[in-house]
Amino acid sequence: MREVDVAIIGAGPSGLFAAYYAGFRGLSVAVVDALPEPGGQIAAMYPEKMIYDIAGFPVIKGRDLVANLVAQAATANPEYLLGVRAEHLEHQDGKPVLTLAGGERLHCGAVIITGGLGSFTPRPLPAAVGFVGAGLVYFVPQPADLAGRDVLIVGGGDSAFDWAAALAPLARSVTLVHRRERFRAHAATVARVRELPVRIVINAEVTKLHGDTVVTGVDVAVRGGVAETLPADAVIAALGFTADLGPLVDWGLRLDRRHIVVDSAMATNLPRVYAAGDITEYPGKVRLIATGFGEAATAVNNAAVVIDPAAHLFPGHSSDGT
């Protein structure tokens, strides 16, 4: 069993900032995430999304925000335990003991849970069974991989329109198919995509994918219209995702549906266990990345005092002494 001052569960924006801030407080840090790379949902699902509500950045691409947060966290020399899930939490000698998948155990001064919405899986496209990895994808880590291809996007939310906007300059053709007339995506994003060479098919569903070993075409049925076969050698199913807290529900945490209830110190009902970011719940909660940054700093500062009672709750500003 290894010792670490702070174990952070979740390597999304809040977790990465918590790692930086724990290092600023002189604490050793381990960051645990079930995903194979840091960045959380942004890295896995929205790397090309333009983000407009980060203080100091009029606009920043998701991929760039993650890269900046990783670089900032590097000053804390965190140990990343990626591609592994936190399975069990208990207390020993008054301190949390975190057991990871595979059996590794961390004896922690404190635990900070920054797991966003928990673990998430994409909603499947029923007509595409058998084509996953053969032209069908749920995320596009590198848009350049689809350059010069006929791309069909299924969905009507932000991610579907974000992919359409990112791929329009690269792909040979982009078609977006949505089963309704109205879209869930932000109106400004929809308006921007309508100005691009993107064909939008509404009130329609994908009924079949063609191809022997890889996708070569897609059948699209329009409500009240005639079915059409469209050329496509890449299909993006942007249908959203389902999320759950996984093992966390059995840890004894006080929950409000899929969220962890915290107080003003970001403390949960369990000793030395804190939470920050989208996973938290309290009166007046606002789920923004910017909010998560502040919650992460609050959690770290309060954890630092519990770990070392001689420490100050507020250590001063990072610019002090410069």
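Helices (H or I, at least four residues) and strands (E, at least two) are taken here as DSSP runs, numbered from the N terminus. The model is a predicted one, in which local features need pLDDT of at least 70 and side-chain atom pairs count only at pLDDT 80 or more, while totals for chains, interfaces and linings use all residues. Residues are numbered from 1 along each chain as its sequence is written, and side-chain values use heavy atoms, with hydrogens and water left out.

Strand β14, residues 204-210, gives the most to the lining of the second largest pocket, contributing three residues. A pocket is an open set of points on a 1 Å grid over the protein atoms alone, where a 1.4 Å probe fits, with protein on both sides within 12 Å along at least five of seven lines, and its lining residues have an atom within 4 Å of a point. This pocket is lined by 18 residues, and Leu125, Val154, Arg179, Glu205 and Leu239 lie nearest its centre. By class, the lining has 10 nonpolar, three polar and five charged residues, where Ala, Val, Leu, Ile, Met, Phe, Trp, Tyr, Cys and Pro count as nonpolar, Asp, Glu, Lys and Arg as charged, and the others, Gly among them, as polar.

Strand β20, residues 259-261, runs parallel to β22 and is joined to it by two bridges, and Ile260 stands opposite Thr280 in β22.

How values were computed:
Pairing = 2+ DSSP bridges.
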